[in-house]
Amino acid sequence: MKGKGIQAIAAAALVMTVLAGCGSNNNAENAASNAAASNNAATNAANSGEEQNAGGPSWKQDTSPFTFTQYFYGNWASNYLWKDQYAMKLATEKTGVTVDRKLATGSDDDYLNTMIASGDLPDTIMLDWNNPAVSKLIQNDMVYSIDELIEKYAPELKSQLDPDMVKYHSIDGKLWYLPNLYETSDRLTSGVPIVAVRPWFIRSDIYKAIGSPKMETTDDLMNALKLAKEKFPTVSPVGVEFFDVAKNGFGGSNSMDYLIYSFSPHLLEERVKDDQQIVEYPMRNKGFIDAFRYMSQLSRNGLLDPQLLIYKQEQYEEKLYGAQYAVASQYINNMYTMYNPKIESTVGADQKYTVLDGLKANGQEPRYPASRLMGWQGFFITKKAKDPERIIRWAEYAWSEEGQLDMRYGKEGETYDMVDGLPKYKQDILDLSIKDNAAFNAQYGFNDSTLLFRAGKLWDDASARDLKESQPEQYEASKLLEKYNFDNYALGMENLEPDGSTPEGTINSKIKDLWNKTIPKLVLSKTDEEFDSAYNSFLKQMDQVGAQKVEKVMYQRHLDDLKKKGIQ
């Protein structure tokens, strides 16, 4: 997951909509009953100061006050800071633990690399598990393996870990982190519908004013935007999120996936060239480049503000909160829980955004890759940790069903009730989460506390039920786009980029920088000839710095990924 809200897998914003597990409804009811009993017992013991039973979960052996530091890779994540939110206080009340979570000042990469270079690390780190810095942390003996800490201090945790997850995420036979937002294979077909891209939305009143035209193809969208500009000249026709290849991958902007997988629905498969033993850079793919050619056409028609190429996320969001785009891109959960409610209360319900269906390009149906098992960030315990024993035991609590329910729902009878065997927020809390998501996050901190979310049928079924009942518009929008998903797990396309410390990693960094500088030239090109000239110049430069060397390494990493998954 990347960017805000993934980041923003969403980030966030995304947490309650991306988790699931397995088991029958009867098992879910039994689990709920057991979890509730365990929850209440632990709370009573903590409140009364009773000595914890040494024979139970290891985290209960010591609930004295303890604070550990944590760096979160993502300077946008102010919601995740521990303050006085309900979920954070509950976790501290039960375990005695407080997480002193810190964000970078300035660039995340600069901040992280400086910490690593100086050796001045916090107790723990939340970092994308496929970030190039992970290999530095492991190779330089800066982090513990989770296995050794579990074996020594928290044996209960081992039985809670999914064997497939451990197998996939282990490096050199050891598990070095716990993946946040870990998903099971069931997740793609059950629970809250997954939307694997940042969809594009149209402002409802503008859509009505231009005659509610069909929006089935990229040509339809172009024509609608032209009409919108003509009738609403003071509104920016298109809003897309910031461009930064280093942060958002080769698409440049998280908004681009919606177009990329319309113009190149088989992009992932097409990148693999077994006969040449390479995995191509996506920039060689015609459909991938056609998505940028489309953006250039938007720009030439005066439908795309060039400032969007350099806007910070906050600038983009400020205009979105003001409904100042005719068509805009955003996480589906964020749009329906953050932006639309704010728009309704400040500028009017008629200006809320409605999701667009997937767009056909060149007669092709879009396909959105939705994988599983991957997770988002990893929870690392550094060798600088003053008390790794206490931290791994806290992780055992967070990973347990009791911990999962605590950080998602709070206390039974106080913030939620069990309804038909599933947890459900009290009505006032549920209403707040819908009407003012920012206030909900600030007051309760559900989904923001431990950042060790994992699959679980109990809460997945509850989230699906609540979304369908309380936010039917978002549920239906998600169902509309879910049909374009496909499971790309078996393609072996995770974590392809070479280790940053290798020669190929250095080449890859140069290529990403070249591509980052090329994107504005493509999007702002005035003619097809100018576009082609800038693109061909990039290809030439990419090959000159050694792109094929990287593509060979990516092919090997592709084979390694298949092997880890037991596919080859």
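How are helix 16 and helix 17 oriented to each other? The structure examined is a predicted model, in which local features need pLDDT of at least 70 and side-chain atom pairs count only at pLDDT 80 or more, while totals for chains, interfaces and linings use all residues. Residues are numbered from 1 along each chain as its sequence is written, and side-chain values use heavy atoms, with hydrogens and water left out.

The axes of helix 16 (residues 388-399) and helix 17 (residues 401-409) come within 4 Å and cross at roughly 75°. Helices here are DSSP runs of H or I with at least four residues, numbered from the N terminus; axes are lines fitted to C-alpha atoms over the stretch in contact, and angles run from 0 to 180 degrees between N-to-C directions. Helix 16 and helix 17 are therefore roughly perpendicular to each other, a term that covers 65 to 115 degrees, whereas angles under 35 count as roughly parallel, over 145 as roughly antiparallel and the rest as oblique. Tyr397, Ala398 and Trp399 of helix 16 make the contact with Glu401, Gly403, Gln404, Asp406 and Met407 of helix 17, contact meaning heavy atoms within 4.5 Å. Four nonpolar, two polar and two charged residues take part in this contact. Ala, Val, Leu, Ile, Met, Phe, Trp, Tyr, Cys and Pro count as nonpolar, Asp, Glu, Lys and Arg as charged, and the others, Gly among them, as polar.

Helix 17 also packs with helix 20 (residues 457-470), at an angle of about 25° and with the axes 11 Å apart; the two are therefore roughly parallel. From helix 17, Glu401, Gln404, Leu405, Arg408 and Tyr409 meet Leu458, Trp459, Ala462, Ser463 and Asp466 of helix 20. The contact comprises five nonpolar, two polar and three charged residues.

Helix 13 (residues 286-300) and helix 23 (residues 528-544) have axes 11 Å apart and pack at about 140°, and are therefore oblique to each other. In this pair, Ile289, Phe292, Arg293, Ser296 and Arg300 of helix 13 meet Asp528, Phe531, Asp532 and Tyr535 of helix 23. Four of the contact residues are nonpolar, one is polar and four are charged.

Helix 16 contributes three residues to the lining of the largest cavity, the largest share. Ser58, Trp59, Asp62, Thr95, Val97, Arg390, Arg393 and Trp394 line this cavity. A cavity is a set of points, on a 1 Å grid over the protein atoms alone, where a 1.4 Å probe fits but cannot get out, and lining residues have an atom within 4 Å of a point. Three of the lining residues are nonpolar, two polar and three charged.

Notes
1 Å grid on protein atoms, 1.4 Å probe; cavity = no way out; pocket = protein on both sides within 12 Å on 5 of 7 lines; lining within 4 Å.
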